[in-house]
Structure formats: structure tokens, C-alpha cells
Amino acid sequence: MKPDHPVHRSPADAADRKAVEPVICYPVERLGRPDLGPFLAAREGWERVSEHLVPPREALCFDVPAGSYFRITSVEGPQVGDLNLWAAGDLGERFFSGKTRALHGTHLSAGDRMWSCLPYLRPMALITEDTLDWYGFDAFGGAVHDVIGTRCDPYTHALLSSGDQYHHCCHSNLTRALAGRTGLPLHEAERHVHDVLNVFMCTGFTRDTGQYFMKASPVRPGDFIEFFAEIDLLGALSACPGGDCSAKHSSDEARCHPLLVEVFQPKVAPAGWVAPGANPYDRSHGL
Ligand SMILES: [Zn+2]
């Protein structure tokens, strides 16, 4: 955090330096904003091929073939979910929360993509519908579906609670789910768990101190966020122990609810959709 009383005095031209207008780091126009029309139209007559009810304070893995959709729905009450994505068959290619944030901003909605990590950096999923898109940013700077938090984890909790052992943080839930799904030893599976998309979570940074904050999610039963899989995906979703994240996480105190994951297969691929190829960088790194 920035100090209340800086050690160093402002230079004479401090106001001028601060008044410099920002520029957007990554003008995403060159990536092409996808036309969602064909993706929404291709849902006509689609077939629901699987459904998974994620119990509170637990996580589940699910498969989504390229060209299919998956939808995460609030079912019994306000609940936040922590989403991990991997390329099916290669846990080394996984969702890159940081670059997705740099490209699309702190909070995602329909039309944004979820990108994979280096050295892959290609679209993994496209968000096709978000029933909470009306929320935008509130007066606190809060918004829904963030890529600024990481996932609640027992290591941070232990540091902040003088060593308390809590085993149902999203990090642990995702670890158990991935280990169970892949057969990997627990601690090996843990290394593949990564920073998440915080589904339905309402978060921001405080204006005065820049601290990460959360507040009660505006999600209600029936709300959903829907994705189109650009590549074959293995997903994992944790129903966060924070519930709607209005007060506490990393404990059993919050009221929690399940989350529904459904996978849909369209009759025909969205018109014009082409599966993403490899990233065009040649990987020679100057040698
Ligand atoms: Zn969590």
C-alpha cells in the first residue's frame, strides 16, 4: 500500500507528472471483438450433454469439447465460483488470469475471451452470455466476474490466522478435484491449480488504499455465465467457502450454495468460427 506520509517530498512538477493522460497498454481492437451473433444463434436446438452440481465448499472437474458451450448457473442462492481451465490432455496449458486481465480489464463479460498461459497464449473460451452484465461498475468501483483475485487458499489463511488449518478453500477444493480426476498425487495436482476467473464474485480495489475488496454478490438463482470452448477443455469449478462473499471466506461460517455446470453441444458450429491455431510468435527469443 502507498504510505500515508511519504518519505520523499514531491518534486516541483509533481502535478504535471500526475496529470499525464494514461494510454491503454493493450489496444485489443486488433484482436477483433468477436461478433456474438453466430455464437448465440448456434445454441438453437443444442443438446445438453452433461450436467454437474458442484456442492458447497467442494469442486468438480468437467470436460468441454472444442465447439461446445458450458454454462455456470446460480441455483439455490447467491454463490461465488472459482473457475480453472486447462487444455484437455495438457495441464501445462492453462488459463492465464493476468494476461486476460491486461487484455480485457479487471472484470469479464460477454465478448471477452479467456486466454491460455505462455508459451501458448491463445483463446481457450469465449464468454457468450452474462446475465449480470447490467451490473457494470458500482459506486465503490466493484464489478462482477473478476480476474484480479487469485483464489482463496489455505496458505494465505494460515498466515493471516496464526496457523489455522482450513481445508476447503477454493485452492484445496480445486486440488482435490484435479487429483481425483487425473489420478495425479495430491501435491502434483496442486501445482496445476492456478489463478481463477472469479465467477459471480463482486470485487474491486478501494479508491483510497488500492486494496482488494469483495462485497455481496448480486447473483441470484437463475443467473448464469456462459462460455464457448475454443479448444478442448478440462474445467474445474469450486463453490467458494465464502458463499456470496459478503463477509468471510476461508471458513465454514458463510452460507453456501451449490453451483450448476451444464455442457451443451450445438447441432452445427457457429457460422465463421475457426478453432484457434498456435500463437504466431516463433519462440526463438532472439537467438
Ligand atoms: Zn474461494
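Trainee: How do the residues lining the largest pocket divide into nonpolar, polar and charged?

Mentor: Bear in mind that this is a predicted model. The lining of the largest pocket has eight nonpolar, seven polar and three charged residues.

Trainee: Which residues lie nearest the centre of that pocket?

Mentor: Thr150, Arg151, Cys152, Tyr212 and His249, out of 18 lining residues. The space in the largest pocket comes to about 370 Å³.

Trainee: And which helix and strands each supply at least two residues of its lining?

Mentor: Helix H4 (154–160), strand E9 (197–205) and strand E10 (212–215).

Trainee: What about the second largest pocket, how much space lies in it?

Mentor: About 320 Å³. It is lined by 16 residues, with Leu31, Trp115, Leu121, Asn279 and Pro280 closest to the centre. The lining of the second largest pocket divides into 11 nonpolar, two polar and three charged residues.

Trainee: On to the metal. Which residues coordinate the zinc ion?

Mentor: Cys152, Cys170 and Cys240, each through SG, at 2.2 to 2.3 Å. Cys152 also turned up among the residues nearest the centre of the largest pocket.

Trainee: How are the zinc donors spaced in sequence?

Mentor: The pattern is C-x17-C-x69-C. Cys170 and Cys240 are 70 residues apart and link distant parts of the chain. Cys170 sits in helix H5 (residues 170–182), while Cys240 is in the loop between strand E12 (233–239) and strand E13 (259–265).

Trainee: Are those two buried or exposed?

Mentor: Both Cys170 and Cys240 are buried.

Key. Residues numbered from 1 in each chain as written. Predicted model: local features only at pLDDT ≥ 70, side-chain atom pairs only at ≥ 80, totals over all residues. Heavy atoms only, no water. 1 Å grid on protein atoms, 1.4 Å probe; cavity = no way out; pocket = protein on both sides within 12 Å on 5 of 7 lines; lining within 4 Å. Points joined across faces, edges and corners; volume = space filled by probe spheres on them. Helix = DSSP H or I, 4+ residues; strand = E, 2+ residues; numbered from the N terminus. Nonpolar A, V, L, I, M, F, W, Y, C, P; charged D, E, K, R; others polar. Donors = N, O, S within 2.8 Å, 3.2 Å for Na, K, Ca; no water. Buried < 20%, exposed > 50% of the residue type's maximum accessible area, 1.4 Å probe, protein only.
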